[in-house]
Amino acid sequence: MAGSGPRTVGGPVGGPAGGLSPRPRSGAIDSRTTSGAVEAAGASVDAVETAGAEARHRRAADAGDPAAMSMLGSMLLRRGDLEGAEPYLRGATAAGDRAAANNLGVLLHQRGHPEEAAGWWRIAAVAGSAAAAHALGRHFRERGDEPAAEYWLRQSAEQGHALGAYALAELLEHRSDVGAERWLRAAAEQGHREASYRLARMLDLRAADEAAHPGSAPRGGGKGPDTGTGARALSALDEAAQWYRQAAARGHRRAALHLGGILEKRGELKEAGRWYLTSAKDGETKAACALGFLLRDAGDEESAAIWWLRAAQEGDGNAANALGALHAARGEPQTAERWYRAAMSAGDVNGAYNLGLLCTAQDRTAQAEQWYRNAAYAGHREAANALAVLLLQAGDPVGAEPWFSKAAEAGSVDAAFNLGILYVGRDDDHTALKWYERAAAAGHTEAALQVGIARLRDGDEQTAERHLRCAAGGGSAEAAFRLATLLDARQPPPGPPALGETTAEKTECEEWYERAAEQGHRRAQVRVGMLAAARGDVTGAARWYREAADAGSRNGAFNLGLLLARDGNEREAALWWSRAAHAGHGRAALRLALLAARRGELAEGKRWCARAEELGPSEVTERAAKLRDALHQELTA
C-alpha cells in the first residue's frame, strides 16, 4: 500500500530495510520514488494492513511491544499522522529498532528538522539499514559534502538498495566517473525505471560514438566493444534498446520515444509506431511528431496531420514545419506560411529556411532572401547555401562566395559543390577541384563526376576510375558512360568470331554503358546499339539507335539508317540520314548524296555533296568533293 512520499528522502517498500521513497534530484521522476513507503519492522506492511490490524498493533504497542510500536508508527507515518506516529517511533527506536530509527528520520525531515533526521538515519545506517544509508547520503549531497554522500550512498548501493545505487550513479556521473555505469546497471537490474532509461541513453550515445569513430576505444566503464575480435554478443545499441524497453514498459515516455527511434531505424515500423503512440499519449510531443512522420511514410497523411497538429500545438517546431510542408504540397501556401511561422516561434530555425523556400517558389525573391538571411545568421547551413545561390543568380558572385564558404565550412555538401562551380567560372580549376573533392568525399554524386573528369584530364586514370564509380553508383548517367568508356579503352579489340563460337558474356564496360543508356544518355545508347550490332543483335541495336535518335542523337539517327539500308529499307533510312545530316552529320549527308546519285537525282546528289563537304570530317569532305565533281560532269555532259 502506497501513500504520498516526502520530497527528498526515504526508500522503497520491502523488508526491514525499507523506508519512504525520495524523489530523484534530476531527470524524469521514477514511479518507485513517488509512491513512498516507510520501513516496516519484521514483516511487510501489505501483509498486516488488514481490517483491525492497526487496532491490534496499537494494543501491543501500548503494552510496550517495540515491534508493534515500530509497525504502528510506520502505518501512522504513511497515513500522514506525524503527531501520532512520533511517540511510537521514538519508543521503538529507544528499544533498538533500526526500521523505527530510519522512519523517525523520515518524520523529522518532513517536519523540517534535517539535522536531527540525519542523526537518526546515521544510527539506522550503522545498524545496517540500506534505506537509511541512502537517505543519509542524499542529505550530505544536498549540503555539498560529496565525500560523505559517496560513502553512505555506496554503503546503501552495496547492500542492493536500488535507490542508493541510482543516487550513487548520479553522483559519480556528475564527476564523469566511469564507475557510474556499474551502479546505473545495478539499479536498472532491480527495476529502477529512471536508471534503466539513463543506462540506455549512455549505451545509445556510446553506440553513436562508435559508429562515428569506428575502431576507437570504448569510453567509460562497463561493456565496451571487443576491439580484439571486432564484435560483441550484443552491440551497445541492442543493449540500449533492451533497457529502453524496460523503462518504457514501466511508463517512461522518453524511453518509449527512443525505443521507437531504434526500432524505426531497424525497419520494425509497426512496433516502433506502437511505442511512439504510447509515448505520445503520455504527452511526449517529439513522439507525436515522430508518429506523424511514420504515418506519412505509410501513406496516411490525414492521421499524420492529426499527430503533427497535436505536437505543434504543444510547441514542437519540427511538427509545425511538417504541417507547413504538408499544406505547401497541397497548394495551400498561406496555411503553410502560418505553420512555418509557428515553427520559428517555437525556436526552430528550419521555419525561416522553409519560408525562404516557399517565397522562392512564389518568385517572391526579396522575401526569400530575407528569410534565408534570418536562418543563415542563426547557423542554418542550407539556408546559407540557398542565400548564396540567390545572390549568384542575381549576378552577385562576390556576395555569394562568403555564404557558400560559411555553408560549406558548416558541412553543407551542396555548398562545397557550388563553390567548385563558382571557381570554375573564374578559371581557377585548382581551387574548384579542392571543393569538388571535398563534396565528393561527402558523397555528392555530381562532385565525384567532376573530380573524375579532372583526374582523367590529368592522366590519373586510377583516381578517375574511383570517383567515376562513386558517381555512377550514385546514379549519374554521365559518370556511368565515362566509366564505361575508360574501361572500354583498356580492352583489346575483338577479333572475328570463330566458327561455332558462343556469344561472349557482357563485359563490365557494356553493363555501365547499358546503365547510362537506360537513364537516357544518348551517346551511351548509341554505343550499346553498336555493341548489340557487333553481336548480331539487330533488333536490340535498332531499339537503342532509335531511342538515341528520338532524343536528338545524330549518330543514333545515322546508325539506324545504316541498319535499315542493310535490310533494304532505303526509304526509311533516307529519312533518318536526312535528320542526322540536318543536325550536322557529314557522313549522313554523303550517304544521301550517294543514294540520290544512284537514283539519278543528280542535282539533289550535288546539293548533299556540298553539305557533306561543309560538315566533314576530312575524309568525308574529300569523297564528297570527288562525287560532286563526277555529278557535275554528268550534269554538264
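How many residues has helix α26, and how far does α26 reach from its first C-alpha to its last?

1. The structure is a predicted model, in which local features need pLDDT of at least 70, side-chain atom pairs count only at pLDDT 80 or more, and totals for chains, interfaces and linings use all residues. Residues are numbered from 1 along each chain as its sequence is written, and side-chain values use heavy atoms, with hydrogens and water left out.

2. Helix α26 (residues 461-473) has 13 residues and reaches 18 Å between its first and last C-alpha, close to the 18 Å expected at 1.5 Å a residue. The expected span is 1.5 Å times one less than the number of residues. Helices here are DSSP runs (H or I, at least four residues), numbered from the N terminus. G475 follows α26 and has a positive phi, near 105 degrees.

3. Helix α5 has 13 residues and spans 19 Å from first C-alpha to last, close to the 18 Å expected at 1.5 Å a residue. α5 is mostly covered, with 11 of its 13 residues buried; among them are N102, N103 and H109. The cover over the buried residues of α5 includes α3 (66-79), α4 (82-94), α6 and α7 (130-142).

4. Helices α5 (residues 98-110) and α6 (residues 114-126) pack at about 165 degrees, their axes 8 Å apart. Therefore α5 is roughly antiparallel to α6, a term for angles over 145 degrees. Axes are lines fitted to C-alpha atoms over the stretch in contact, and angles run from 0 to 180 degrees between N-to-C directions. The crossing of α5 and α6 is left-handed, in that the near helix is turned anticlockwise from the far one by less than a right angle. On the α5 side the contact includes R98, L104 and H109, and on the α6 side it includes P114, W120 and W121. By class, this contact of α5 with α6 has nine nonpolar, three polar and two charged residues. Ala, Val, Leu, Ile, Met, Phe, Trp, Tyr, Cys and Pro count as nonpolar, Asp, Glu, Lys and Arg as charged, and the others, Gly among them, as polar.

5. In a second pair, the axes of α29 (residues 522-534) and α30 (residues 538-550) come within 8 Å and cross at roughly 165 degrees. α29 is therefore roughly antiparallel to α30, and their crossing is left-handed. Contact residues include R522, Q525 and M530 of α29, and W544, Y545 and E547 of α30. The contact of α29 with α30 comprises nine nonpolar, three polar and two charged residues.

6. Most residues other than glycine have a negative phi, and most peptide bonds are trans. S176, in the loop between α9 (162-174) and α10 (180-189), has a positive phi near 60 degrees. At 65% relative accessibility S176 counts as exposed, the cut-off being over 50%.

7. D427 lies in the loop between α23 (413-425) and α24 (429-441). Its phi is positive, about 60 degrees, although D427 is not a glycine. D427 is exposed, with a relative accessible area of 69%.

8. The peptide bond from G616 to P617 is cis, with omega near 5 degrees. P617 belongs to the loop between α34 (602-615) and α35 (618-636).

Definitions and conventions
Helix = DSSP H or I, 4+ residues; strand = E, 2+ residues; numbered from the N terminus. Parallel < 35°, antiparallel > 145°, perpendicular 65-115°, else oblique. Contact = heavy atoms within 4.5 Å. Buried < 20%, exposed > 50% of the residue type's maximum accessible area, 1.4 Å probe, protein only.
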